[in-house]
Amino acid sequence: MAFLYVPNGCNMADWTPAMDIQETDGEYLIKADLPDVTKDDVKVEIRDGTISVSGERKQEKEEKREGYFHSERSYGKFYRSMLLPEGVKADLIAAHFNNGVLEVTVPLAEKAKRQEIPVKEPAKEEAKKAA
């Protein structure tokens, strides 16, 4: 079963980071590219079967040379949320942040085993009672 994206509201985010979801053997892996964001500016939450990633980007760049000065600042909040599919182990979800990339692992519960139910004919005595 796949994740469902919950649309962001118009005023909920200033920018929307790119996110990838991969299903591997036994887990989902969510990757979010968060350039110019620190670990302390990222929040991952689970509530009512929805996983949310939010935070804020704060970027300031200055370049000074002889006779030249250039300064840029950009700030922006982001928010992404997805409904979790059934069969995940929400209590074992883990998040790691490294070099501007957030990775969230969502372990899957053991898949339900298929069981075949034999179809039987009624016993001879039960067939006589039914008649």
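Select T50: its relative accessibility is 15%, so T50 counts as buried. Buried means under 20% relative accessible area, exposed means over 50%, and partly exposed lies in between (1.4 Å probe, protein chains only).

Before moving on, know what you are looking at. This is a predicted model, in which local features need pLDDT of at least 70, side-chain atom pairs count only at pLDDT 80 or more, and totals for chains, interfaces and linings use all residues. Residues are numbered from 1 along each chain as its sequence is written, and side-chain values use heavy atoms, with hydrogens and water left out.

**Stop 1: around T50.** T50 sits in strand β5. Strands (E, at least two residues) and helices (H or I, at least four) are DSSP runs, numbered from the N terminus. Now show what T50 touches. Setting aside neighbours within four places in sequence, T50 is in contact with E45, S81, M82, L83 and L84. Contact means heavy atoms within 4.5 Å.

Stop 2: A salt bridge is a side-chain nitrogen of Lys or Arg within 4 Å of a carboxyl oxygen of Asp or Glu. E45 has a relative accessible area of 42%, so E45 is partly exposed. K43, at 45%, also counts as partly exposed.

Stop 3: How many salt bridges does a search of the whole structure find? The search finds five. One of them joins D40 and K39, at 3.5 Å from N to O. D40 and K39 are both exposed. Next, select E63 and R65. Their closest N and O atoms are 2.9 Å apart. E63 is partly exposed because its relative accessible area is 34%. R65 reaches 53%, so R65 is exposed.

**Stop 4: the core.** Which residues have the most contacts inside the largest nonpolar core? They are L34 and V106, in a core of 19 residues. A nonpolar core is a set of buried Ala, Val, Leu, Ile, Met, Phe, Trp, Tyr and Cys residues joined through side-chain atoms within 4.5 Å. Colour β3 (27–33), β5 (50–65), β6 (68–83) and β8 (101–107): each supplies at least two residues of this core. Then centre on L34. Beyond four places in sequence, L34 touches W15, P17, V42, F78, F97, G100 and L102.

**Stop 5: L102.** Finish in strand β8, where L102 lies. L102 has a relative accessible area of 4%, so L102 is buried. Among the residues that L102 touches are I30, V53 and H96.
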